[in-house]
Amino acid sequence: MKKLLYILVFLGMSACSEDFLEIFPETTLNEGNFYQTQEEFILLANGCYVPMRDYEKDLHWVLAELISDNTSFQYNIRTGEAVRGVIDQFIITSDNRGYAQFWDGSYNGITRCNKLLAEIDREGVTWTDQAYKERSTAEALFLRGLYYFNLVRQFGGVPLVTTPITAQEAVNIDRATEEQVYQQIINDLESAVNHFSNATSVDEDGRANKYAAQALLGKVQLTLKNYGAAESSLKAVIDANQYSLLPNYADLYDPSNPDFTETLFSIQYSENNRELSNRFIFMFAPWSSEGEITNRPNISMVSAGWNIPTRDLIMAFEEGDNRKAVSINTWTGPDWDGEIRELSYIGKFKPPVSAPDDRCGDNMPVLRYSDVLLMYAEALNAQGRTGEAIPFVEMVRNRAGLTEPLQGYNQESLQDLILKERQVEFCFENQRWYDLKRTGKALEVMAAHGQREKEMKSFLFDASFDVANYKLLAPIPAEQILINRLEQNSGY
């Protein structure tokens, strides 16, 4: 695990919320004398967010959305499919560098969190406000829990590292079991809630907080089918009455006016700096649209055409669902083969507001209040309390313009509805693959989806959509097998 140990190079940010988003002077931290003051620990906490910001804009969508039945890609003979296209087609191998990059980015973030947690109680540190110490500790715990949650959902058991280690120590760490990783995640999130509770006076928009930690803990417990524990965590968020559904679904996706009313936690981006920006629309619009969708004809689109909505997703929206027009846009023009077609693309991510190039500022939602409501309904329904669950599903549907009361549902049919609601509510927000896996629907859904895709797309590989149970876990990256002698997941 050669990349567990990193020279810590942080993109520093100051303590106020605007600078948290906008100022990232590259700074190399001196481990011997840097961490002396409150301001320096705030910089260290800020740095814990950076690897997640980077992999969310470049990679996580491949492993959590493109792999699912929600999205596919526009064929492009010029760019090939070596990393992304093969994952979309369920051709999954341990030498795919996408998995290695996700692994490395995750452990980069974990390393940063471990460094903060190891240093923050050291004697001699000057704190002018103890609330900042509580917040920085909580942020590191929350983010470490989230890094490990994404890792364990992708790979199963992974090496569990919770303290700073040397390069030699990194090589000698074996994979922990899934149970051990999940227990560490729960411990981290429970501790994060406690520390955040002592830091409410220094809450800032854009940072993690107590309610994000409680909601994430609820999602972890739901994944483990600990429905009573999930109910408790999610109810705490609902009862706090700090978040609510925005009346207009479209307002969630306005880069000029980021949402903090419904969004508990999102990855923050900004057009003001290359390091802070994303290129979502420049990757997700059809490559043949050139600059018509992005409003930037000066920017090449040759590598675009990814995360294209599938017919399966488009058909999942009910008639009258106003989320469809927000989530999916269309453009008419030449397709990959020169034929004129109406092509769908993601509508949630917008062209730059003012940047003259390809810097975009859309935030990537991680936890929203609608997610809390639907998870809470799922936890109640799983415990046989279907009648209690239905109003929470109706709240989400009503906002979408689907106001017909839900009647005649039993436990099984309501669970199916909740899964479908999650598909359309959170499309393109990196939730679908994880939802399919934890509900036991992945093999069934992906086999049927693959058959339809192969019937429609002659350019897919012959080996595409060989859906097998072992592929529910991603392969441990080949370099980790070679260098660190980690055990590979079965089937690879």
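Student: Is R399 buried or exposed?

Tutor: R399 is buried, with a relative accessible area of 9%, where buried means under 20% relative accessible area, exposed over 50%, and partly exposed in between (1.4 Å probe, protein chains only). This is a predicted model, in which local features need pLDDT of at least 70 and side-chain atom pairs count only at pLDDT 80 or more, while totals for chains, interfaces and linings use all residues. Residues are numbered from 1 along each chain as its sequence is written, and side-chain values use heavy atoms, with hydrogens and water left out.

Student: With which residue does R399 form a salt bridge?

Tutor: Side chains of opposite charge can pair when their charged atoms come close. A salt bridge here is a side-chain nitrogen of Lys or Arg within 4 Å of a carboxyl oxygen of Asp or Glu. R399 forms one with E425, their closest N and O atoms being 3.0 Å apart. R399 lies in helix α15 (residues 386–399) and E425 in helix α16, so the pair ties together parts that are 26 residues apart in sequence; helices are DSSP runs (H or I, at least four residues), numbered from the N terminus. E425 is buried too, with a relative accessible area of 0%. Salt bridges that share partners join several residues into one network, including R399, E425, K420 and E421.

Student: How many salt bridges does this rule give?

Tutor: The count comes to 40. Among them, D371 and R422 meet at 2.8 Å, N to O, and both residues are buried.

Conventions:
Helices (H or I, at least four residues) and strands (E, at least two) are DSSP runs, numbered from the N terminus.
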